[in-house]
Amino acid sequence: MLRDMRDGRRTQLGELERAVMEQLWALARPATVRDVHQALSQTREIAYTTVMTVLDRLAKKGSVEQSRDGRAYLYRPAVDRDELTAELMHEALGTVDGDDRTSALVRFVDTASADDTAALRAALAELERREQAQ
Amino acid sequence: MIEAFPVTATPALLTGLALVLAGPAPAWLARAEWPSRVPRAALVLWQAMTLAALLSALGAGLSVATLISFYERPGIVLLALHISAFAFTVLVLARLLWSAHVLGTNLRARRRRHRQLVDLVGRSDGRAPGARILDAPEAFAYCVPGVSSRLVVSSSALDTLSDDEIQAVLEHERAHARARHDLVLEGFTALHNAFPTLVRSRAARDAAAGLVEMLADDAAQRRAGAVPLGRALVRLAHAPVPAGTIGTGHVTPLTRIQRLGEPRTIAHHGLASSVYAAAIAIVVIPTVSVAMPWLVHLSHQLS
């Protein structure tokens with residue numbers, strides 16, 4: 001129960017971080033907490049302080065850069081969205097360069113299967129038949 | 001305790017045992033058909049066998065080194081020989097620990113980074129609750145294991161799969177994350193990295209990788225049904241995965257589908273029980289019958 005609650009809160013925070021990054025990428029200029037808050041408020045109910053917290057977290061993780069402009073802090077993405085996606089895909093598809101080919105991930109189907117399609121379909125048909133018989 | 005053999009035979013016995021456990025025994029287990037019927041028990045047997053091989057190899061080294069205590073006045077050559085045996089044993093252990101450390105550090109860093117990226121880019125979707133969706137033309141699903149794990153499904157996989165098939169895929173990945181299969185595999189991989197050719201560490205690692213897939217499949221078919229899981233396997237098996245991906249020698253989607261939907265019988269439980277018993281025996285019997293008498297003898301010798 002407690003774990004569920006913690007998971008829920010974490011997922012929520014993760015989702016907020018993503019939404020905030022989306023806004024920063026979309027704005028394409030250094031933005032204040034107020035800018036981000038305003039943009040986010042169009043689609044969801046969110047407190048100003050929450051946006052501040054999330055931006056702070058992102059800055060600590062190195063995903064956004066924080067700079068000072070007079071009395072306000074300005075935020076801009078520290079990472080390019082396309083580069084980030086490319087890096088993500090390298091690991092996701094197992095095309096990481098270097099000696100270490102050990103996968104960091106646990107895949108549903110690990111390798112491009114050498115099994116031929118007909119054999120797979122036959123095995124599936126057999127499974128469906130077995131299950132129906134029960 | 002009845003002494004079945006002279007205690008000075010200990011180094012030879014342990015060496016022999018280590019050789020059998022590192023060579024023919026894994027070769028036999030890797031070829032066997034029955035592990036796919038009792039994957040959990042088979043995985044425990046692999047772990048037990050690997051642990052026993054390691055312990056007997058280290059035990060052999062240490063018992064050779066301590067043979068020196070049987071000499072009244074050992075010469076300099078004898079002393080040097082025994083010290084080298086000891087040094088070699090320590091080196092083997094150090095190499096294994098170092099390999100485990102390097103691998104663990106590397107994997108944790110990569111997973112942390114990947115988790116961070118997934119959180120920034122992955123959106124959520126009502127069809128795959130709890131998972132992050134990545135927009136990609138390739139159909140794939142995986143989990144980023146760790147204390148805080150992530151399930152990831154590509155948009156293409158979502159398009160390809162029906163709702164109950166998505167559920168089967170997610171249950172499969174959840175089972176991996178929950179049971180920390182990554183840690184099991186990490187152990188075997190560390191061993192393989194430390195001793196890539198000397199022992200059959202590759203067979204052990206590949207077999208373990210296959211067995212955890214079967215375990216996750218079993219969990220998924222209990223929760224989401226065998227047929228949806230089978231269909232998801234067929235649909236995702238031929239997703240284009242670029243060359244260079246690791247994992248040759250693992251169980252294929254075909255073998256995974258073929259073992260789905262098999263009813264659990266009394267015979268399964270019987271087989272599982274005997275495999276567990278064998279796993280315990282393989283660690284306990286050499287320890288009690290060979291290593292303990294040696295230690296007892298040694299303590300008498302030194303006192």
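A: **A helix crossing and its surroundings**

Helix α1(B) passes α11(B) in a left-handed crossing (the near helix is turned anticlockwise from the far one by less than a right angle). This is a predicted model, in which local features need pLDDT of at least 70 and side-chain atom pairs count only at pLDDT 80 or more, while totals for chains, interfaces and linings use all residues. Residues are numbered from 1 along each chain as its sequence is written, and chains are lettered from A and ligands numbered from 1 in the order in which they are written.

The axes of α1 (residues 10-22) and α11 (residues 266-302), both of chain B, come within 10 Å and cross at roughly 150 degrees. The crossing therefore leaves α1(B) roughly antiparallel to α11(B) (over 145 degrees, on a scale from 0 to 180 degrees between N-to-C directions). From α1(B), Thr10(B), Leu13(B), Leu14(B) and Leu17(B) meet Pro286(B), Val290(B) and Trp294(B) of α11(B) (contact: C-beta atoms, placed from the backbone, within 7 Å). Helices here are DSSP runs of H or I with at least four residues, and strands are runs of E with at least two.

The UniProt record, an unreviewed entry, lists residues 12-30, 42-70, 76-103 and 274-296 of chain B as "transmembrane region"; such annotations may be inferred rather than shown by experiment. Residues 42-70 of chain B are 86% helix and 0% strand, with end C-alpha atoms 41 Å apart. For residues 76-103 of chain B, the figures are 100% helix and 0% strand, and the end C-alpha atoms lie 40 Å apart.

Elsewhere, the two chains share an open sheet of four strands with mixed pairing, in the order β3(A)-β2(B)-β3(B)-β1(B) (strands pair if DSSP finds at least two bridges between them). Its edges are β3 (106-107) of chain A and β1 (131-134) of chain B, each pairing on one side only. Two antiparallel bridges join β3(A) to β2 (residues 141-144) of chain B, and Arg107(A) has Tyr142(B) as its bridge partner in β2(B). Helix α6 (residues 163-178) of chain B lies across β3 of chain A and β1, β2 and β3 (150-154) of chain B, at about 25 degrees to β2(B).

Chain A has five helices and three strands, in the sequence pattern α-α-α-β-β-α-β-α. Of its 134 residues, 28% count as buried (20 or more other C-beta atoms within 10 Å of their own).

Methods:
Two residues are in contact if their C-beta atoms, placed from the backbone, lie within 7 Å. A residue is buried if 20 or more other C-beta atoms lie within 10 Å of its own, exposed if 12 or fewer, and partly exposed in between; C-beta atoms are placed from the backbone. Angles under 35 degrees count as roughly parallel, over 145 as roughly antiparallel, 65 to 115 as roughly perpendicular and the rest as oblique.
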